[in-house]
Amino acid sequence: PSRALLFATVAIATAPATIIALVKETRSKGIFVKTLIAAVALNNMSCILLFEIARAFAGRTSDEGAGFTANLIVPAMNVLKAVGVGGCMGLIVEIVARLTVRRERFATVAVVAILLVSGIANSLGVSPLLACLFMGIVQTNLSAAKNKRVESAFEDFEPAILTIFFTLAGMHLSLGSPSGTTGQHAMALAGLLTVLFVLSRIAGKLLAADLAMRWGRTTDQVRKNLGIALVPQAG
């Protein structure tokens, strides 16, 4: 049950890089695009928060000495730490953005900010993804003029980040199995589980988006297309 709960929380995430790349490539605008980007940000935030809670419950099954309340306090504190680290850095980034004129200089600041937030988050034992997410939220909402130089600075090294990510993802693909089974058997089992996971996830996205958009009383175009647009899986 604990493993299924972890898989369920991971299924929430939608690949933000894929969505942003498609929106930019097609130069799409409008209410659907705004709803889609907001939904991607919210469901990734929810994924990280719920995963921390699910991991606490999974750890609780193997740690009988820890109480129910104790297992909820730990992820809550980790979230607060991530909010604090990311929020403070977001404020600093916005101050620097207002003082910096040259784009290339701010690109350096952006890289340093990401590395600092990730390093501090790791040292505190909290999620670097959640900390960086809050850094972006704080920075963009503090920017009165919606500074385009901030967004363009991150675009400069986006391809490098994606390349590194897919390289690392490939390095984690092993044909063997820790239990000693053959690589062919392990891949067959993994393939079956993957198919079930993907189909269940698609069904969940379509149903959840449809219900949410009905509750939000959005247009039929948004309601019918949001679910399938959220299908790309985040790493």
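The side chains of Arg223 and Asp210 meet in a salt bridge, with 2.9 Å from N to O; a salt bridge is a side-chain nitrogen of Lys or Arg within 4 Å of a carboxyl oxygen of Asp or Glu. The pair links distant parts of the chain, since Arg223 belongs to helix H10 (residues 220–229) and Asp210 to helix H9, 13 residues apart. Helices here are DSSP runs of H or I with at least four residues, strands are runs of E with at least two, and both are numbered from the N terminus. The model is predicted: local features need pLDDT of at least 70, side-chain atom pairs count only at pLDDT 80 or more, and totals for chains, interfaces and linings use all residues. Residues are numbered from 1 along each chain as its sequence is written, and side-chain values use heavy atoms, with hydrogens and water left out.

Asp210 also forms a salt bridge with Arg214, at 2.8 Å from N to O. Because these two residues are 4 residues apart in helix H9 (residues 183–215), about one helical turn separates them. Arg223 in turn forms a salt bridge with Asp220, at 3.4 Å from N to O. Asp220 and Arg223 are 3 residues apart in helix H10, so they too are separated by about one helical turn. In general, side chains of opposite charge can pair when their charged atoms come close.

Asp210 counts as buried because its relative accessibility is 19%, and Arg223 counts as buried at 14%. Asp220, by contrast, is partly exposed, with a relative accessible area of 47%.

Of its 235 residues, 29% count as buried. Contact means heavy atoms within 4.5 Å, and residues 24 or more positions apart account for 73% of the contacts with a separation of 6 or more.

Attention may now turn to the nonpolar interior. A nonpolar core is a set of buried Ala, Val, Leu, Ile, Met, Phe, Trp, Tyr and Cys residues joined through side-chain atoms within 4.5 Å. The largest core has 17 residues, of which Met89, Val93, Val117, Leu130 and Met135 touch the most other members. Helices H3 (31–62), H4 (68–99), H5 (103–124) and H6 (128–142) each supply at least two residues of this core, and H4 gives the most, with 6 residues. Leaving aside residues up to four places away in sequence, Val117 touches Val85, Met89, Ala131, Cys132 and Met135. A second, separate core of 12 residues includes Ala39, Val222, Ala229 and Leu230. In soluble globular proteins, nonpolar side chains tend to be buried together.

Ser118 has its place in helix H5. A polar atom of the Ser118 side chain lies 2.9 Å from the backbone oxygen of Ile114. Ser118 also touches Pro128 and Cys132, not counting residues up to four places away in sequence.

Val109 is likewise found in helix H5. Because its relative accessibility is 26%, Val109 counts as partly exposed. Val109 and Val96 are 13 residues apart in sequence and 8.0 Å apart in space, C-alpha to C-alpha.

Notes. Buried means under 20% relative accessible area, exposed over 50%, partly exposed in between (1.4 Å probe, protein chains only). A polar contact is a pair of N or O atoms within 3.5 Å; within protein, one must be able to donate a hydrogen and the other to accept it, and residues adjacent in sequence count only if both atoms are side-chain atoms.
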